[in-house]
Amino acid sequence: MSDKLYTIGKIVNTQGIRGELKIFPETDFPDERFAKGSALVFYDPEKHTTLPVIVESAREHKKLFIIKFEGFSNINEVEKYKGWLLKVEEKYVFELPDDEFYHHEIIGCTVVTDEGEELGTISEILSPGANDVWVVEREVGKPVLLPYIDEVILEVNIAEKRVKAHIMEGLLD
């Protein structure tokens, strides 16, 4: 597989005895990603092995998705995939509207303040509630938590991996 892979879920457990798996979704588009016929990839985070799979059926259940994949008909065939990640190939990644970004596009971006000062690099994205929070690792000092709101994130340039931010009172304490 030459295509890059992006995580869209984690296989957390088996469901019943007919080969279904419980998936914790890590995507904003679970209905599209887990639709019947979707080509996905099982990924072993320890051995880095992959297995292409096709969604046979999926249903939502208590914030998880119960998914049956083609070719698996009993629990013994799927048990070994617990803990693996569910990924999608880059060619199946959707174009997003201009003001939306995939996490992998934001992580690694350099943050520069609107006063021209380089703040650091975005290391992770937290989703605590109403809006995402971008964690900026600095060379010195604690990480800065930038809320993803219009007043703070002024400009995102994915091509240059740069984010322009307005540092509001209290963000650098």
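Q: Is His48 buried or exposed?
A: This is a predicted model. In it, His48 has 52% relative accessibility, and because the cut-off for exposed is over 50%, His48 counts as exposed.

Q: Where does His48 lie?
A: In the loop between strand 3 (39-43) and strand 4 (50-61).

Q: And what is the phi of His48?
A: Near 60°, which is a positive value in a residue other than glycine.

Q: What about Lys62, what is its phi?
A: Lys62 is not a glycine either, and its phi is positive at about 50°. Lys62 sits in the loop between strand 4 and strand 5 (64-69).

Q: Lys62: buried or exposed?
A: Exposed, with a relative accessible area of 71%.

Q: Switching to records. Where does UniProt place "domain: RimM N-terminal"?
A: At residues 7-90, according to an unreviewed UniProt entry. In the model that span is 51% strand and 10% helix, and its end C-alpha atoms lie 10 Å apart.

Q: Now the six-strand sheet: what is the strand order?
A: The order is 10-9-8-7-12-11, in an open sheet with mixed pairing. From one strand to the next, the twist averages 35°.

Q: How do strand 9 and strand 10 pair?
A: Strand 9 (residues 133-137) runs antiparallel to strand 10, with four bridges between them.

Q: Which residue is the bridge partner of Trp134?
A: Leu146, in strand 10.

Conventions
Residues numbered from 1 in each chain as written. Predicted model: local features only at pLDDT ≥ 70, side-chain atom pairs only at ≥ 80, totals over all residues. Heavy atoms only, no water. UniProt positions renumbered as here; feature names shortened; annotations may be inferred. Helix = DSSP H or I, 4+ residues; strand = E, 2+ residues; numbered from the N terminus. Pairing = 2+ DSSP bridges. Axes fitted to C-alpha atoms, helices over the stretch in contact; angles between N-to-C directions. Buried < 20%, exposed > 50% of the residue type's maximum accessible area, 1.4 Å probe, protein only.
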